[in-house]
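Please read the numbered points with the structure open beside the text.

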Amino acid sequence: MRCLAEGLPNPAASPQPFNQLASQPFYMEFELRILGSGSATPVPGRHHTAQVLSVGNMHYLLDCGEGTQRRLMEHKIGPMRLSVIFISHLHGDHFFGLFGLLGTMQLQSRTEPLRLFGPAGLEEVLTTQFRHSGTQLSFDLEFVVVDPTVHQLVYEDKLLTVHSLPMRHRIACCGYLLREQPRRRSLLRDRLPASLSPAQLQQLSQGEDLLDETTGEVVLRYAEVTGPPKRARSYAFCSDTVYLPGLVELVRGVDVLYHEATFLDELRERAAVTFHATARQAGQLAREAGVGQLLIGHFSSRYRDLEPHLREARSEFAPTLLALEGTVVNVPNQPTAE
């Protein structure tokens, strides 16, 4: 297991820069699956925190509470298909499923590298477990320490950028903002001359004008045969935290915001003492940030009926959903305005 520089992407291990890659397909999935949304104490039918964001054929795991690998199986996402895992903090309900998940990858003879982002101390916990269980991984586990006190870029690939979001909890904790890379303009078939060669089409798809081979003059401009690009989509995962007004600007305008809502507002003082938030506070943050959709979760085990949480959050922000196990939220492609 290798530990990389704190909070910084590893240039040697990162994929090619986006501007060197071919255009993204016309439609690409941007889909969030809720695997678990309970808080620390187990409740029947309510699992510990874990989510998967699927973008194209990539799957990004956010937190890994107990039972996560079983929930992944139920959603037909094999552990070998994960390439990046983000852990918010070291309370057990957010990472106790990680060792079992890594062990399954080892048993299935994984060879592809796995990148793991999380707070300082996570590597030590895992290394101790590996040592005392005699586990030797068959794959390279690259660990990146995330500074939970700052908002910064921690990861980038051809599909996404991921920034850390500072949370305020009883221990060091961060959230994550996952934002789609800027999309290229779309080629419009009815504007393309029929005589174009495959090489010329590829050149246009890379955002280049076509030039006359002899004179070097522009014969076909990229802008003339393309439409507006699809808007980059975004998701903000705000793990355990008190209500933080400072998050408003960091998550402003995201398509989907997940925010913890451990308590109802009648227990606002209890929420503050335990460094958690209420459903009303989650709705307030979503309204002030102008997000598209709010998901609330991390419900205290004292609540069996979650409808009051939903009503309370919706009193502040109507487009709110409960992040119940099995919930799937798909963010569609939308063109940008010219």
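1. The buried residues of α7 pack against α5 (247–250), β16 (256–260), α6 (268–273), β17 (293–297) and α8. The structure under review is a predicted model. The residues of α7 that count as buried are Ala-279, Gln-281, Ala-282, Gly-283, Leu-285, Ala-286 and Ala-289.

2. Two packed helices are described by the angle between their axes and the distance between the axes. Helix α7 (residues 279–289) packs with helix α8 (residues 307–314) at an angle of about 35°, and their axes lie 7 Å apart. The crossing of this pair, α7 and α8, is right-handed.

3. Which residues make the contact between α7 and α8? On the side of α7 they are Ala-279, Arg-280 and Gly-283, and on the side of α8 they are His-309, Glu-312 and Ala-313. Sorted by class, the contact of α7 with α8 has 2 nonpolar, 2 polar and 2 charged residues.

4. Leaving aside residues up to four places away in sequence, Gly-283 touches Leu-294, Ala-313, Glu-316 and Phe-317. The C-alpha atoms of Gly-283 and Ala-261 are separated by 9.2 Å, although these residues are 22 residues apart along the chain. Just after α7 comes Gly-290, which takes a positive phi of about 60°.

5. The second pair consists of helix α2 (residues 98–107) and helix α3 (residues 122–133). Their axes come within 11 Å and cross at roughly 55°. Because of this angle, α2 is oblique to α3. The crossing of α2 and α3 is right-handed.

6. In the contact between these helices, Leu-98, Phe-99 and Leu-102 of α2 meet Leu-122, Leu-126, Gln-129, Phe-130 and Ser-133 of α3. By class, the contact of α2 with α3 has 6 nonpolar and 2 polar residues, and no charged residues.

7. Where do the buried residues of α2 fall when seen down its axis? The residues in question are Leu-98, Leu-101, Leu-102, Thr-104 and Met-105. Seen down the axis of α2, they fall within an arc of 155°, so they line one face of the helix. What covers the buried residues of α2 includes β4 (58–64), α1 (68–74), β5 (82–86), β6 (114–118), α3 and β7 (141–145).

8. Most residues other than glycine have a negative phi. Ser-109 is a residue other than glycine with a positive phi, near 60°. Ser-109 follows α2 and is placed in the loop between α2 and β6.

9. Phi of Asp-63 is near 65°, a positive value in a residue other than glycine. The place of Asp-63 is in strand β4. Is Asp-63 buried or exposed? Its relative accessibility is 0%, and therefore Asp-63 counts as buried. Strand β4 is also one of the elements that cover the buried residues of α2.

Note on methods. Residues numbered from 1 in each chain as written. Predicted model: local features only at pLDDT ≥ 70, side-chain atom pairs only at ≥ 80, totals over all residues. Heavy atoms only, no water. Axes fitted to C-alpha atoms, helices over the stretch in contact; angles between N-to-C directions. Helix = DSSP H or I, 4+ residues; strand = E, 2+ residues; numbered from the N terminus. Parallel < 35°, antiparallel > 145°, perpendicular 65-115°, else oblique. Left-handed = near helix turned anticlockwise from the far one by under 90°. Contact = heavy atoms within 4.5 Å. Nonpolar A, V, L, I, M, F, W, Y, C, P; charged D, E, K, R; others polar. Buried < 20%, exposed > 50% of the residue type's maximum accessible area, 1.4 Å probe, protein only. Arc of directions from axis to C-beta.
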